[in-house]
Amino acid sequence: MTLLNILGIILAAAVWLADLGNAAPRGEMPPMKRGLKFSFGGEKIRGVNLGGWLVLEPWITPSLFEATPDGVVDEYTLTKTLGADEAKKRLEQHWSTWITANDMSEIASKGLNFVRIPVGYWSITPLPGDPYVDGAYEYLRKALDWAGSSNLKVMIDLHGAPGSQNGLDNSGRRGAIEWTQGDTVAQTLNALNKLRDDFASHPAVASIELLNEPMSPNLNMDTVRQFMSQGANNLQGSNVAIAFHDAFLGMGTWNDWGAASASSSLLLDTHHYEVFDNGQLQMSVDAHIGSVCDYGNQMASSNKWTISGEFTGALTDCARWLNGRGVGARYDGTFNYNGKSSSYIGSCDGKSPGSVDNLSETERNNIARFINAQMVAYEKAAGWIFWTWKTESAPEWSFRDLANAGVIPQPLSSMNAAACS
């Protein structure tokens, strides 16, 4: 999840080529093993994220945070406040029940072929002094077997880096952005290398994502690109597509970085939301549809395999704690964070918290049209991965609940292909 759309700079392709390997002649990529486990660029990715499972987000599972002090806003502060023993007890219960083999089977039954699994560095290569508790890594291991048994492919997504790459609660720690300081880049690469060594050979693992949503306005992009180059280099020959997020710079920014996917196995991940801006929240559903259809055209123009690795059916930011615990929503005028506020647009009744059944017929129809248009638009490129599979009480964001209610086309082949025509 992100709160910003931003601009940045382009690093010359020559830097990428130099970084990737000393043996590579100028203008060529070093050889890569091409035995990928999914037909990227051919078969469309149709997937869901397993959000709120191995990386906590208060808005997805508010029950984990409700009986804690107001200052508990992320996984870091939750585990620090509870202490190791109590945190381990509660998270073990959460990990063992939020996603199970039955979820994977149900995901496959809805016509999906991919799951993206967010995981934090602390579950892979924990650092001294962190309050996080261990155990999530073993559930990641189980999830790969469950996915394989249901004929699903997996993208393992490094969702949180040491120091936080974006300052959002979904990085594990809300607040300051301190990634790239000290040894944090090397520590992030160590986590990626362990994911590679432990899981890249698993038949279900089709992709590893270098890092989720680095916040480019707060980072030195030369350092970020150097990290991406080294991370991609380390994954060469691993039979996985190397996914990387666009860092909110726009897809065209990356055309000159790295080689085209046919020779590099690079997979560009862009996330598209239209609920974190007051102007977008006031758009009509037709305007939203026009916007995402145009976004799909931009995705299709990239020289990399490009997916929308996160998108939603939400047309409001009403979901409780979506913008962070205690922050409020722009849509109903309660947003208040770091001196920023909002004006009332509409009511959040039935959506914060809520269920699909609480949505009005108009809301359900608008969400259905919006999701359908996005699926069609993003399949102009390499496909899509919905955020997220399920939530406790955020109906605009729960693929399972929306599909069960007929808001998401079932079967997926019944989607209206003319939505963007």
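Tutor: A disulfide is a pair of cysteine sulfur atoms within 2.5 Å. This is a predicted model, where local features need pLDDT of at least 70 and side-chain atom pairs count only at pLDDT 80 or more, while totals for chains, interfaces and linings use all residues. Residues are numbered from 1 along each chain as its sequence is written, and side-chain values use heavy atoms, with hydrogens and water left out.

Student: OK, how many disulfides does the structure hold?

Tutor: Two. In one of them, C293 and C420 are bonded, with 1.9 Å between their sulfur atoms.

Student: Why is the disulfide of C293 and C420 called left-handed?

Tutor: Because the torsion about its S-S bond is about -80 degrees. C293 sits in helix α11 (residues 285–300) and C420 in the segment after α13 (399–404), so the pair ties together parts 127 residues apart in sequence. Helices here are DSSP runs of H or I with at least four residues, strands are E runs of at least two, and both are numbered from the N terminus.

Student: Is C293 buried or exposed?

Tutor: C293 is buried, at 9% relative accessibility. C420 is buried too, at 19%. Buried means under 20% relative accessible area, exposed over 50%, and partly exposed in between (1.4 Å probe, protein chains only).

Student: And what about C318 and C348?

Tutor: They form a disulfide with sulfur atoms 2.0 Å apart. C318 is in the loop between β7 (305–310) and β8 (336–337), and C348 is in the loop between β9 (340–341) and α12 (361–378), 30 residues away. Both are buried.

Student: What pattern do the disulfides follow?

Tutor: Counting bonded cysteines along the chain, 1-4, 2-3.
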